[in-house]
Amino acid sequence: MISSIKHFPSSFTSTDFLRKKHSITRQQFSPLPIIKNVHNGFPNQSFSSQKPLHVASIENLAISNKTQQRKTECQAYEADRSRPLDINIDLPDEEARLVAAKRIKIGIYFATWWALNVVFNIYNKKVLNAFPFPWLTSTLSLAAGSLMMLISWATRVADAPKTDFEFWKTLFPVAVAHTIGHVAATVSMSKVAVSFTHIIKSGEPAFSVLVSRFLLGEAFPLPVYLSLLPIIGGCALSAVTELNFNMTGFMGAMISNLAFVFRNIFSKKGMKGNSVSGMNYYACLSMLSLLILTPFAIAVEGPQLWAVGWQKAVSQIGPNFVWWVVAQSVFYHLYNQVSYMSLDQISPLTFSIGNTMKRISVIVSSIIIFHTPVQPVNALGAAIAILGTFLYSQAKQ
């Protein structure tokens, strides 16, 4: 509790003050300092105290030459039957703890994102090797995610988003681009190695700059353009030296890059000021993409081909094939959901760097698991392309 002693105008001079000051007897130190005889020392004072006071500071000890008056403000606090101790205790900085907690949270997001992506790519490739129907595989991935989120909303595990017609209208072009990019990437992985698909997909920044420059008229600093050289050169070197090169697989990865660039552009334009969380945004995107993709998947491949291919896969692999399909569908949704959730916590630059590191983990793990033959020149091209992607993310900040 802060108390205050205020001195009202008095009529003594500075010499009187000095004389009274010297006449005050020094008190012995007491652990319980009690202010006594205040009325005797300074007449006409207004003071009241029910507890001992410790004087913290005295200010404005100035005496005016014109009025021979002074005003003194004395700040004190209640001693509460004990003398205050001068102890320096270092309390934890709340802001520092919050920053550390956020970094740990982002680290968990990244580790989960990379792990889920690696698991998805492994099971996705296993399914496509035994069941080469990328359109149905893509549809099942979107269907699994949509079903999971509908159950989450119905059971109130997650809060359902509040959307309107305008939201779905702005989401539609994003869903179209997302559908094309998803199917094209799956087609690519059904024809070539997982590592090769992701090496080509590491060239997405080059598409982003070219589309933004020539279609949107957006200008970039010189370091951004220079960073495209190792990206393009590394991807080209990997493509030329790929042992199992397939044009359909190569074009699928390139189309996927272009589609995801437009997805990002439409998403930025349509979601400004929208309050839907990253998790719910991706859930709505999956549902709308599922509606778009399903009729095309039926038209391109069809139930008859699916039935024949499914029986063949089950006869060759056994019941584990069903688990592979479920795993690749569930993990596809989970890794994308975590990536969109991380966007709520980090900057686009940090996300871009994390995406680059994700591709490295996928490329390395797929080469080890599938025993993909890699020539030294092919590995060099991949390293150059990934380095260029990292330089691009740094140049664009």
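**View A: Histidine 371 is an exposed residue, with a relative accessible area of 68%.** Exposed means over 50% relative accessible area, buried means under 20%, and partly exposed falls in between (1.4 Å probe, protein chains only). Please keep in mind that this is a predicted model, where local features need pLDDT of at least 70 and side-chain atom pairs count only at pLDDT 80 or more, while totals for chains, interfaces and linings use all residues. Residues are numbered from 1 along each chain as its sequence is written, and side-chain values use heavy atoms, with hydrogens and water left out. Histidine 371 sits in the loop between helix 13 and helix 14 (376-395); helices (H or I, at least four residues) and strands (E, at least two) are DSSP runs numbered from the N terminus. Its phi is positive, about 50 degrees, although histidine 371 is not a glycine. Most residues other than glycine have a negative phi.

**View B: Arginine 156 also has a positive phi, near 60 degrees.** Look for arginine 156 in the loop between helix 4 and helix 5. With 72% relative accessibility, arginine 156 counts as exposed.

**View C: Arginine 359 and glutamate 204 form a salt bridge.** The closest N and O atoms of this pair are 3.9 Å apart; the definition asks for a side-chain nitrogen of Lys or Arg within 4 Å of a carboxyl oxygen of Asp or Glu. A search of the whole structure finds one such bridge. It links distant parts of the chain, with arginine 359 in helix 13 (residues 348-370) and glutamate 204 in helix 7 (residues 204-214), 155 residues apart. Both arginine 359 and glutamate 204 are buried.

**View D: Helix 7 is largely enclosed by the rest of the structure, because eight of its eleven residues are buried.** Among these buried residues are Glu204, Phe207, Val209 and Val211.

**View E: The largest nonpolar core has 33 residues.** A nonpolar core is a set of buried Ala, Val, Leu, Ile, Met, Phe, Trp, Tyr and Cys residues joined through side-chain atoms within 4.5 Å. Trp153, Leu171, Tyr281 and Leu285 have the most contacts inside this core. Two or more residues each come from helix 3 (94-130), helix 4, helix 5 (165-191), helix 10 (278-300) and helix 12 (320-343). Helix 10 supplies the largest share of the core, ten residues. Beyond four places in sequence, tryptophan 153 touches several residues, including Pro161, Asn280, Cys284 and Met287; a contact means heavy atoms within 4.5 Å.

**View F: Ile180, Phe245, Met247, Met251 and Ile255 make a nonpolar surface patch of about 450 Å².** Patches are made of residues with over 30% relative accessible area and no salt bridge, joining like charges within 9 Å and nonpolar side chains (Val, Leu, Ile, Met, Phe, Trp, Tyr) within 5 Å. Accessible areas come from the Shrake-Rupley method with a 1.4 Å probe, and for residues, only the protein chains shown count as cover. Helix 9 (residues 247-270) gives the most to this patch, with three residues. Isoleucine 180 lies in helix 5, and its 44% relative accessibility makes isoleucine 180 partly exposed.

**View G: Residues 1-49 have a pLDDT under 50.** pLDDT is the predictor's confidence in each residue, from 0 to 100. Where pLDDT is low, the predicted coordinates should not be read in detail. Confidence is lowest in helix 1 (residues 14-23), at a mean of 44, and highest in helix 4 (residues 134-154), at 96. The protein averages a pLDDT of 80.
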